[in-house]
Amino acid sequence: MAKVKYYYDSETLSYRKIKRKKRTTFKYALVFVVAAALFGFLFVSIAGYFIESPKERQLARELQNMELQYELLNKRMDDAIAALENVEERDNAIYRLYFEANPIPEEQRRAGFGGINRYKKYEGFDNSQLITESNKRLDILEKAIVVQSRSLDEIAKLAEDKEKFLEAIPAIQPINNVDLTRMASGYGYRTDPFTKVRKFHFGMDFTAPRGTPIYATGDGVIKRADNASTGYGNHIRIDHGFGYISLYAHLYKYNVRVNQRVKRGDLIGYVGSTGRSEAPHLHYEIFKDGERINPINFYYGNLSAEEYDILLQKASLENQSLD
């Protein structure tokens, strides 16, 4: 039971029971509730500062896991960048050098992104710097990969062109050594067989019996197979591309037609003595960008080093040509 309180009434000289007014009771109750609420708020605030809630512990674990994932991501980016740098070094120092292409400068490979701030959405967080730097590195890595990919596409195209060039360029002797009687005359000043005057001989003469097979020295397209050029008689011209044309003169007959595509080693005609010729032989010339050049430099495809040395010695002799 609640204690009953009394007070002494001096007028009546007696004790009277203290009666609490409802207003006072309400005021006391209100003060108690406010004090309790304030105490509870302070307690929760202080406890929340020192004691983690299950939700906070879960968020903290998620944050730690995120930071770990970003660290692992950065480690993987380090490995990827190291591997890419190795490819880039070989690209510049080997591939592009071999195919005579300019190296890609470092500033182009590692260029950033100008203009608007691409990373504004990552600002305002506890780990904004970590997230922003990771995304910057990832963007630069992706761009470097794109640059390297395009470079490798270019190298592949250059390799394809190089392969076509190596297949097209005249690279074998037009008559097999087993069918060859002798190498009669080389490129340079020789004595004309008809006028006996010393004049420049723009090709090489291969002596062989009439009907000896003649072979295309490189891939190309037959541009001419006629006898409409003075002195050459029946002759064939093959356009190899890349500025190269090979000419085969004094033929007995053809084995190709105009606009026919041929491969290196294809039979194109037979040795004869048509046109301005003293005896059966093949007169062979090579043009580069419209200029006649020495064919002696274009036999690496089917001659050994010893055979090439012998041919070189014979071609250097200043004798009489056969046409």
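1. The side chains of Glu285 and Arg292 form a salt bridge, with N and O 3.7 Å apart. This is a predicted model, so the note concerns computed geometry throughout. Glu285 counts as buried because its relative accessibility is 2%, under the 20% cut-off. Arg292 has a relative accessible area of 31% and is therefore partly exposed.

2. Stay with Arg292 for a moment. Arg292 belongs to strand S15, residues 291-293. Which residues does Arg292 touch, not counting those up to four places away in sequence? The list is Tyr187, Phe202, Tyr232, Glu285, Ile286 and Phe287. With Tyr232 there is also a side-chain polar contact of 3.4 Å. Phe202 is 90 residues from Arg292 in sequence, yet their C-alpha atoms are 6.6 Å apart in space.

3. Asp289 sits in the loop between strand S14 (281-288) and S15. Phi of Asp289 is near 55°, a positive value in a residue other than glycine. Most residues other than glycine have a negative phi. Asp289 also forms a salt bridge with Lys288, the closest N and O atoms being 2.7 Å apart. Here Asp289 is exposed, at 56% relative accessible area, and Lys288 is partly exposed, at 22%.

4. Asn259 is another residue to check on backbone grounds. Phi of Asn259 is near 75°, again positive in a residue other than glycine. Asn259 is located in the loop between strand S11 (251-254) and strand S12 (261-262). Its relative accessible area is 57%, over the 50% cut-off, so Asn259 counts as exposed.

5. The structure holds eight salt bridges. One of them joins the side chains of Asp219 and Lys263, at 3.1 Å from N to O. Asp219 is in the loop between strand S7 (213-215) and S8, and Lys263 is in the loop between S12 and strand S13 (267-271), so this pair ties together parts that are 44 residues apart in sequence. Lys263 is partly exposed, at 45%.

6. Strands S4 (residues 188-191) and S5 (residues 198-201) run antiparallel and are joined by four bridges. Tyr189 faces Phe200 of S5 across the pairing. Arg190 stands opposite Lys199 in S5. In a regular strand the side chains alternate between the two faces of the sheet. S4 and S5 make a hairpin, with six residues between them. Lys196, in the turn, has a positive phi of about 60°.

7. Where does Ser229 lie? Ser229 is in the loop between strand S8 (220-226) and strand S9 (235-241). Leaving out residues up to four places away in sequence, Ser229 touches Arg224, His235 and Arg237.

8. Phe99 is found in the loop between helix H2 (54-98) and helix H3 (106-109). At 17% relative accessibility, Phe99 counts as buried. Beyond its neighbours within four places in sequence, Phe99 contacts Ile155, Leu158, Ala159 and Lys162. Phe99 and Ala156 are 57 residues apart in sequence, with 10.0 Å between their C-alpha atoms.

9. One surface feature deserves a look. Leu38, Phe41, Leu42 and Ile46 form a nonpolar surface patch. Together they have about 420 Å² of accessible area. Leu38 is in helix H1, residues 22-50.

10. Finally, the chain as a whole. The secondary structure comes to five helices and 15 strands. Of the 323 residues, 32% are buried. The accessible surface is about 20900 Å², and carbon and sulfur atoms account for 57% of that surface. Among contacts with a separation of 6 or more, 65% are between residues 24 or more positions apart.

How values were computed:
Residues are numbered from 1 along each chain as its sequence is written. This is a predicted model: local features need pLDDT of at least 70, side-chain atom pairs count only at pLDDT 80 or more; totals for chains, interfaces and linings use all residues. Side-chain values use heavy atoms; hydrogens and water are left out. Two strands pair if DSSP finds at least two bridges between them. Helices (H or I, at least four residues) and strands (E, at least two) are DSSP runs, numbered from the N terminus. Buried means under 20% relative accessible area, exposed over 50%, partly exposed in between (1.4 Å probe, protein chains only). Contact means heavy atoms within 4.5 Å. Accessible areas come from the Shrake-Rupley method with a 1.4 Å probe; for residues, only the protein chains shown count as cover. A polar contact is a pair of N or O atoms within 3.5 Å; within protein, one must be able to donate a hydrogen and the other to accept it, and residues adjacent in sequence count only if both atoms are side-chain atoms. Patches are made of residues with over 30% relative accessible area and no salt bridge: like charges are joined within 9 Å, nonpolar side chains (Val, Leu, Ile, Met, Phe, Trp, Tyr) within 5 Å. A salt bridge is a side-chain nitrogen of Lys or Arg within 4 Å of a carboxyl oxygen of Asp or Glu.
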